[in-house]
Amino acid sequence: MLTFTIRRLVLSVPTLLFISLIIFLLLELAPGDPMAQVPLTVPPEVKEKMREALGLGQPTHVRFWKWLVQFFWIEPQVMIDHYFGTTYAEGDLRVISWQTRSPVMDIVVQRIPQTLWVVGTAYIVGILIALPIGIYSAYRQYSVFDQCGTFVTMVGFSIPPFFTGPLLIVVFSVQLGWFPFIYDTTHKVTDWDSFVYQFRQMILPVMVLALQTTAQISRFMRASMLDNLNQDYVRTARAKGLSEAVVVTVHVLRNSMIPVVTVIALGMPAIFGGAIITEQVFSVNGIGSLLIGALFANDLPMVQTLTFIFAILIVFFNLIADILYGILDPRIRYD
Amino acid sequence: MKLKSILMGAVAATAFAPAAFAERGADGHVNIIYWQAPSILNPYLSSGTKDIESASLVIEPLGRYDQDGALVAYLAEEIPTVENGGVSADLKSITWKLKSGLKWSDGSDVTSQDVKFTADYCMDPEGGCAQLAKFEGVSSVEIVDDLTVVVNFSEPKPNPYGPFMGGQSPIIQAAQFADCTGAKAPECTDANFGPIGTGPFVVDEFKPNDVISMSANTNYRDAAKPAFATLTFKGGGDATASGRAVLETGEFDYAWNLQLAPDVLAKMAEGGKGTPIAAFGTLVERIEMNMTDPSPSLEEGVRSTAAAPHPALSDINVRKALSMAIDRDLLVEIGYGQAGRPTCNLVPAPLAYASDNTDCLVQDIAGANALLDEAGWAKGSDGVREKDGVRLSLLYQTSTNAVRQDFQALIKQWWDEIGVETELRNINASVFFGGDPGSPDTFQRFYADVEMYANNFDGTDPESYLAQHTCDKAPKPESQWQGENINRFCDPAYDELVAELGRTGELSKRGEIAKKLNDMLTKDSYVVVPLVDRGRVSAHANSLGGVVLNTWDSELWNAADWYRIK
Amino acid sequence: MTDLSNPVPLTKPRSQWLSVWDQFKQHKGALMGGGFLAFITLAVLIGPYIWTLDPQKLDIRNKDLRPIFNAIWDSDAKVSWAHPFGTDNLGRDGLSNLLAGGRTSMAVGWAAMLLTLGIGTSVGVIAGFFKKLDGPLMRLTDLFLSLPILPLLLVAVTLFRQPLRANFGPEGGMFILIVAIIGITSWMPTARIVRGDILALKEREFVLAARSIGTRPGAIIRRHLLPNVISPIMVSATLGLAAAIITESALSFLGVGFPSDFPTWGKMLADAVQRMEEFPERVMLPGIAISLTVLSVNYLGDGLRDALDPRIRGR
């Protein structure tokens with residue numbers, strides 16, 4: 001398993017380089033212009049000058065090479081400088097966003113707290129609710145609990161966040177006045193009261209996001225458990241006199257985790273990717289809204305960098321999932 | 001005795017009230033929300049409204065336009081005119097004089113050096129300045145003394161209020177930006193995110209595309225202002241959320257540009273926490289008729305260029321009938337409510353330049369049908385008109401936006417009633433308004449028969465706006481499809497009149513020519529079919545006083561005068 | 001699988017499919033789900049011929065009508081028998097929009113879901129079963145997971161809209177483009193889930209047994225592996241249908257979807273959100289339609305899964 005991991009890690013470098021090239025070419029090919037949001041009152045000659053100042057006049061391969069150097073060589077140096085107080089990267093040009101004319105990575109770092117607070121919490125809450133629901137629904141298939149769970153999760157999944165978000169706002173913010181709905185990113189948690197405020201402002205977006213996660217994961221959990229509950233080894237375990245709890249939570253659960261691990265691993269990069277619609281509805285301004293804003297403004301360096309970070313996370317978490325398969329089911333061998 | 005005490009009380013009240021009222025920072029905190037988040041606080045590197053308006057709290061120009069479009073001195077002593085000698089008689093130079101005793105927020109003096117530096121900063125050929133058009137025709141900026149600068153133009157400039165006037169062209173501090181000129185402009189992140197200014201507020205923290213925290217400028221020129229000690233400028237979300245936050249929950253005090261359907265806005269206003277306010281500028285929602293043939297059967301290079309006139313829309317009767325079939329009152333009622341008025345003009349304001357053309361305001365389906373019948377466009381078996389093998393079937397495109405899609409549906413129905421078949425298409429705004437020469441969907445490329453969007457002009461003078469429709473400004477493959485003459489209208493008489501406007505300095509004469517140009521595009525030729533004069537709707541909390549909505553300059557132009565109603 | 005709903009009653013020997021059908025019949029949820037799905041499919045197919053109002057026709061004088069049942073509790077409600085489900089803010093008829101929208105949404109949903117499942121399952125099975133192809137196919141999956149969807153859409157529209165429009169008309173061309181885009185951008189989770197299960201299954205004894213008697217890979221996959229991954233595929237199908245119907249509306253919001261006057265359930269829902277306090281029925285009607293469709297597919301899937309599992313069937 002160790003050799004497999006190392007081999008995959010080594011292999012992921014060319015994979016990621018290839019992915020970055022494909023993303024770059026895709027963005028290049030996509031119609032769009034960083035001047036799209038400039039008011040129409042600005043004459044075309046001025047826009048042309050602004051494009052040149054952004055470096056758009058250079059050929060594609062030059063710009064791709066520049067981005068590679070900036071991302072893989074200069075940005076790590078900046079990070080080292082930041083932590084150790086060195087000055088390796090001084091004077092070097094970093095990846096600069098076209099919208100804000102500031103280093104992309106600085107903005108990404110700025111956005112991580114609210115993204116993790118809201119989207120990360122929602123994901124964890126979602127998983128924590130989904131697993132028990134899935135397990136119990138399968139164990140008591142077609143019970144009232146199972147039917148209710150099915151109904152709620154399926155309806156929850158069919159109703160998109162652009163509807164649930166405003167619905168919760170109307171009910172809880174406008175009518176009842178319990179929670180704020182414009183997320184305050186400047187808020188800092190220092191004591192109990194500020195933690196309570198943080199909790200209150202997180203609760204609505206977390207509810208919206210957790211609903212989707214719960215629905216998805218609990219369905220896979222339930223289906224997979226059902227597949228395993230009737231297997232021979234379960235009968236054997238019961239015959240051995242093991243308690244129901246041990247049979248279900250140890251034997252069946254472990255064997256049912258493979259699809260669930262896949263789904264959870266696929267969702268992990270999405271935490272960092274944020275939740276575009278929900279972030280927009282609640283003005284969370286996390287990484288999701290950063291990405292969509294950059295896409296609409298055709299801020300190519302920002303889009304390229306963000307999508308590439310997601311690509312790294314996707315490759316990484318899929319590797320983790322593959323390793324977990326081997327642990328969950330030792331029969332799975334990759335070599 | 002009694003009378004005396006009452007009098008005393010009254011005197012005391014009048015004496016104390018302004019004193020208690022007029023203290024910097026006495027009213028605590030104010031929250032502003034813009035659903036588009038500011039990316040940068042340097043208007044010379046971005047011309048987005050969100051960036052210019054947020055920056056206007058911090059940096060100020062020499063003069064601004066007020067809510068009526070009149071000029072008001074800000075950093076300048078007074079507005080220079082020909083009458084007061086500030087503008088030379090040949091219209092080739094303008095002399096600005098700074099107020100004395102002005103301080104930057106870091107405590108240093110504002111001098112003419114800063115003004116000249118601002119011009120040099122923007123006019124640097126490598127800087128990619130977003131406001132370069134403001135400095136068009138400027139040959140030099142000379143420092144006369146510490147408080148006086150002269151801007152010289154290479155040609156006579158009937159409207160010399162381009163540089164240093166309005167929110168797009170504020171004065172930046174020379175000391176802060178000295179190392180940031182030319183190609184180095186984007187590298188000065190600290191300066192671009194926190195410019196030192198003369199405005200009522202200073203930046204404490206700037207999170208790009210998210211939120212700005214500000215506090216009162218201790219060196220602001222009026223010791224009693226601003227009334228608020230701190231300010232939060234939140235960006236992001238959508239118009240619905242920001243409207244709710246001000247009108248329904250009261251989380252915020254001011255919300256910008258609430259582009260919502262009138263019934264939705266009215267429902268929100270019932271929340272009772274705030275008030276929507278509207279004002280009108282020069283923004284006109286219009287339909288542009290393509291004078292060239294966008295048919296996909298034509299080869300690239302000919303398609304949508306002057307080489308191929310439009311088979312149907314070249315006929316003025318068709319264009320006129322299309323305009324006659326539209327009920328502009330209903331469009332306003334559905335889409336804009338108090339923020340819109342029906343119009344037939346491309347230049348709806350200011351009064352001196354606005355034509356009195358109103359002949360399009362009444363919908364006339366029967367008249368349009370008669371006109372088309374007369375012109376030889378006969379209805380076929382499927383109800384669609386035809387002439388010489390050309391079917392009146394139009395592709396109608398616009399950007400993606402709920403109101404525009406409602407307009408499309410309504411107009412499609414009316415055109416259907418006069419025997420014109422319409423196919424609708426909506427395109428993502430970032431593609432539609434972008435100038436990517438490789439995309440077939442940009443509004444300049446115009447691969448459709450008619451398209452709808454809104455445009456306006458900066459300040460109060462429509463000269464460059466009207467000059468957009470000259471023959472040479474048509475987008476074409478040779479110019480990478482760049483150009484402002486979207487409908488490819490071409491009339492030598494029009495070009496001639498535009499040139500005349502450029503030579504004319506006298507205001508009344510300029511107005512006359514501008515009106516004539518406006519009429520040539522609208523009621524004489526119907527190449528531009530104006531629909532709605534679009535105002536701006538913003539909203540403020542009922543407890544926020546002093547708000548005066550201004551569409552000629554930054555909406556936050558008088559934030560120094562805002563206060564909390566107790 | 002399509003012959004399930006239409007079983008051929010063979011006499012002897014008792015066909016496997018017949019016992020599947022017997023088991024399926026006992027599943028009440030599946031029968032109800034199937035029945036409702038048949039109803040809604042018939043409604044959107046035949047409905048527009050019975051309720052003939054044009055969904056695109058604006059009747060501005062009768063805008064903002066409430067559904068007829070509002071009159072039960074609110075006698076002042078603006079209702080009209082001419083528009084039993086009310087009208088929208090431009091006076092378009094609610095019922096005919098629901099029917100016409102359902103037609104498009106169901107077509108897009110099913111087509112995109114089947115395409116997603118087709119690509120996802122094939123890639124997953126092949127990658128899981130053939131060790132040599134696992135690496136390349138999974139890296140391809142990683143690539144597709146990383147592609148930003150909006151630029152991809154814009155590129156697809158730029159390249160393919162004109163030829164598709166010329167060959168299939170504005171709506172037909174858009175339909176193909178939308179289904180293809182949803183299919184291409186959402187097969188990856190299914191592929192990874194199926195692959196994960198196949199990796200574990202192919203090491204089981206019954207596969208070893210099949211292999212040892214010389215069963216060819218194709219047959220192993222068909223007879224031994226696919227039936228055992230049916231349940232995650234069913235879940236993917238159910239979730240995929242809901243996601244496709246919603247994604248379609250997100251696409252038209254991005255300006256890549258159908259023309260704006262072309263109703264779909266997702267678009268009706270999105271348009272109505274702004275006015276959900278005053279006109280809750282406008283969000284409820286399409287929302288209920290989507291939810292019920294997805295629920296019935298879910299129950300149908302449950303029933304199918306149970307019916308296909310011989311361990312349950314035997315009991």
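**Reading a surface patch and a buried threonine**

A: In this predicted model, a nonpolar patch on the surface is formed by Trp117(A), Val189(A), Trp192(A), Phe195(A), Val196(A) and Phe199(A), which together have about 590 Å² of accessible area.

Q: Which helix gives the most residues to the nonpolar patch?

A: A patch can be traced back to the elements that supply its residues, and here helix α7 (residues 192-229) of chain A gives the most, with 4 residues.

Q: Is Phe199(A) partly exposed or buried, and why?

A: Relative accessibility is the value to read, with buried meaning under 20% and exposed meaning over 50%. Phe199(A), which is found in helix α7 of chain A, has 48% relative accessibility and therefore counts as partly exposed.

Q: Where is Thr141(C) found, and is Thr141(C) buried or exposed?

A: Thr141(C) lies in helix α5 (residues 131-146) of chain C, and because its relative accessibility is 0%, Thr141(C) counts as buried.

Q: Which residues does Thr141(C) touch, not counting residues up to four places away in sequence?

A: With those sequence neighbours set aside, Thr141(C) touches Val123(C), Trp187(C), Met188(C) and Arg192(C).

Q: What ipTM and pTM does the model score?

A: The scores for the model are ipTM 0.84 and pTM 0.85.

Notes:
Residues numbered from 1 in each chain as written. Chains lettered and ligands numbered in written order. Predicted model: local features only at pLDDT ≥ 70, side-chain atom pairs only at ≥ 80, totals over all residues. Heavy atoms only, no water. Helix = DSSP H or I, 4+ residues; strand = E, 2+ residues; numbered from the N terminus. Buried < 20%, exposed > 50% of the residue type's maximum accessible area, 1.4 Å probe, protein only. Contact = heavy atoms within 4.5 Å. Patch = residues over 30% accessible without salt bridge, like charges linked within 9 Å, V, L, I, M, F, W, Y side chains within 5 Å. Areas by Shrake-Rupley, 256 points an atom, 1.4 Å probe, with all protein chains shown as cover. Salt bridge = Lys/Arg side-chain N within 4 Å of Asp/Glu carboxyl O.
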